[in-house]
Amino acid sequence: MSKSANRARLHEIIRKRSFGRGEITLASGRKSDFYFNLKPTMLDPEGATLLAELTYEALKDDRLDFIGGLEMGAVPLAGAIAQLSWIKGHPIAAFFVRKKPKEHGARLAVEGLAKGESLKGKRVVVVEDVTTTGGSALKAVEAVREAGAEVALVLTMVDREEGATEAFAQAGLTFRSLYRAAEFL
């Protein structure tokens, strides 16, 4: 399928599996009368494939070494994109940032790196499933910067258009989205 056909089909899947109406409290603490829960789309075989394909296409020219973000939203995305990038011959390794480092074992904040591997000096994209104010992605940005990475950009699957663009601009970060909330309202 063409990129526009893939995008239209993924829009249908998100609308059916991941978009809803009804009062909800968002991770940012704000109230809303609509929501996106992208996990059902990210874990659906067709949805996962289309998300990976469209994300890979959006990122393939950015010379990235790693893709990842804050658990839980970034984990399925980063894994699917890493797999597809290998198949496409342009590998982008995946990682994720724990919301809170484990209190046992290696006590890592950034997971997915092999022993001796580091984000130091690597170009990284921080991904997120749904972005409202950008707070979750900024936590991931902080963790990967502390690990020595260069954050090339932040990419979200759906931008709720409620302040993230401005927050990332203020932080000096490039921000892109596959979809905007307005496309579903």
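## A cavity and its salt bridges

In this predicted model, helix 3 (45-59) and helix 4 (74-87) each supply at least two residues of the lining of the largest cavity. Helix 4 gives the most, with four residues. The largest cavity holds about 50 Å³ of space. The count of cavities of 30 Å³ or more comes to one. Its lining consists of Met42, Ala48, Leu51, Ala52, Pro76, Leu77, Ala80 and Ile81. Eight of the lining residues are nonpolar, none polar and none charged.

Now for the charged side chains. Side chains of opposite charge can pair when their charged atoms come close. A search of the whole structure finds 14 salt bridges. The table shows some of them.

| Salt bridge | N to O distance |
|---|---|
| Arg30 and Glu162 | 3.6 Å |
| Glu111 and Arg98 | 2.9 Å |
| Arg180 and Glu161 | 3.3 Å |

Take Arg30 and Glu162, which meet in a salt bridge. Arg30 lies in the loop between strand 1 (19-25) and strand 2 (31-36), and Glu162 in the loop between strand 7 (150-159) and helix 6 (164-170), so the pair ties together parts 132 residues apart in sequence. Arg30 is partly exposed, with a relative accessible area of 37%.

Glu111 pairs with Arg98. Glu111 is in strand 5 (residues 110-111), while Arg98 is in the loop between strand 4 (93-97) and strand 5, 13 residues apart. Glu111 is buried, at 16% relative accessible area.

Arg180 pairs with Glu161. Arg180 lies in strand 8 (residues 175-180) and Glu161 in the loop between strand 7 and helix 6, so parts 19 residues apart in sequence are tied together. Arg180 is partly exposed, at 40%, and Glu161 is partly exposed, at 38%. Salt bridges with shared partners join Arg7, Glu161, Arg180 and Glu183 into one network.

Methods. Residues numbered from 1 in each chain as written. Predicted model: local features only at pLDDT ≥ 70, side-chain atom pairs only at ≥ 80, totals over all residues. Heavy atoms only, no water. 1 Å grid on protein atoms, 1.4 Å probe; cavity = no way out; pocket = protein on both sides within 12 Å on 5 of 7 lines; lining within 4 Å. Points joined across faces, edges and corners; volume = space filled by probe spheres on them. Nonpolar A, V, L, I, M, F, W, Y, C, P; charged D, E, K, R; others polar. Salt bridge = Lys/Arg side-chain N within 4 Å of Asp/Glu carboxyl O. Buried < 20%, exposed > 50% of the residue type's maximum accessible area, 1.4 Å probe, protein only.
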